[in-house]
Amino acid sequence: MTIATAAVDTQPLLLNISNTTLQVTPAQFDLLCIDNPDLRLELTKDRELIVMTPAFPISGKQNGTLFGRVWLWNEQTELGEVFDSSTGYDFTAIGGGKMSPDVSWIVNSRLEGISLEQFCPIPPDLAIELRSTTDRLSIQSKMIEYRRLGVRLGILVNPLDKQVEVYRLEREAEVFDAPMLINCEDVMPGFGLSLQKIW
């Protein structure tokens with residue numbers, strides 16, 4: 001990977017993706033995000049840059065459905081805040097990378113004193129990832145990383161295989177074949193994630 005190091009501070013930091021594995025520092029990642037606002041980028045704990053391609057409309061529709069269900073429950077309960085796939089989390093202070101779940105939720109009490117005008121420095125209580133046709137299989141590694149970082153409930157929805165993997169702290173992942181509902185009450189009181197219209 002080549003990162004243009006600016007001789008003058010006003011020159012943008014541009015991304016050359018001629019290699020398959022791109023290594024950047026957290027500071028370079030921040031500059032890339034600022035100078036390339038139209039790109040969806042993530043940084044792994046090993047400092048590998050992930051450039052995410054746009055999803056096909058079917059995945060956008062499915063992700064909108066998942067977000068809408070979490071949003072509606074939260075609107076009714078007002079127990080926390082819901083964030084969409086454009087929300088960045090900065091886990092570098094706790095040995096992680098900079099990631100963006102497709103849907104995430106944080107309980108109100110954990111947001112006290114947290115600025116929402118920068119990458120969020122705390123792991124969400126809920127992180128949902130939707131596997132699209134353009135995703136790499138490493139998305140499972142991402143779910144394991146969420147759990148390692150303290151995400152209480154991670155849900156990987158895989159429409160391609162009609163499966164859901166559920167990751168909870170200090171437990172093995174559970175795999176469900178074409179479930180209609182995932183019980184989330186241990187983290188989100190009264191909430192079950194409906195998967196109707198996903199399959």
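Lysine 162 is placed in the loop between strand E11 (153-158) and strand E12 (163-168), where helices (H or I, at least four residues) and strands (E, at least two) are DSSP runs numbered from the N terminus. The model is a predicted one, in which local features need pLDDT of at least 70 and side-chain atom pairs count only at pLDDT 80 or more, while totals for chains, interfaces and linings use all residues. Residues are numbered from 1 along each chain as its sequence is written, and side-chain values use heavy atoms, with hydrogens and water left out.

Most residues other than glycine have a negative phi. Lysine 162, although not a glycine, has a positive phi of about 55°, and with a relative accessibility of 45% it counts as partly exposed (buried means under 20% relative accessible area, exposed over 50%, and partly exposed in between, with a 1.4 Å probe and protein chains only). Arginine 47, which is not a glycine either, has a positive phi of about 70°. Arginine 47 lies in the loop between strand E4 (40-43) and strand E5 (48-52), and its relative accessible area of 27% makes it partly exposed.

## The six-stranded sheet

Strands of a sheet pair through backbone hydrogen bonds, either parallel or antiparallel. Here six strands form an open sheet in the order E6-E9-E10-E11-E12-E13, and the pairing is mixed; two strands are taken to pair if DSSP finds at least two bridges between them. Strand E6 (80-83) and strand E13 (174-177) stand at the edges with a single partner strand each, so one side of each is left without a neighbour in the sheet. From one strand to the next, the twist averages 15°.

Within this sheet, E11 and E12 run antiparallel and are joined by six bridges, and glycine 154 has tyrosine 167 in E12 as its bridge partner. Helix H3 (residues 139-149) packs on the sheet, where it touches E10, E11 and E12, and its direction makes about 180° with that of E10. Such angles run from 0 to 180 degrees between N-to-C directions, and the axes are lines fitted to C-alpha atoms, for helices over the stretch in contact.

## Aromatic pairs

Rings of Phe, Tyr and Trp (its six-membered ring) pair if their centres lie within 6.5 Å, and planes under 30 degrees apart count as stacked, over 60 as edge-to-face and the rest as tilted. By this rule the count comes to four aromatic pairs. Phenylalanine 29 and phenylalanine 119 form a tilted pair, with 6.3 Å from centre to centre and 50° between the planes. This pair links distant parts of the chain, 90 residues apart, with phenylalanine 29 in helix H1 (residues 26-35) and phenylalanine 119 in the loop between strand E9 (103-107) and strand E10 (126-130). Phenylalanine 29 is buried at a relative accessible area of 1%, whereas phenylalanine 119 is partly exposed at 30%.

Tyrosine 89 and phenylalanine 91 form a stacked pair, 5.7 Å centre to centre and with 20° between the planes. Tyrosine 89 counts as buried at 1% relative accessibility, and phenylalanine 91 counts as buried at 0%. Ring pairs also link Trp73, Trp105 and Phe191 into a cluster.

## The chain as a whole

The chain has three helices and 15 strands, and buried residues make up 41% of its 199 residues. Of the contacts with a separation of 6 or more, 51% come from residues 24 or more positions apart, where contact means heavy atoms within 4.5 Å.
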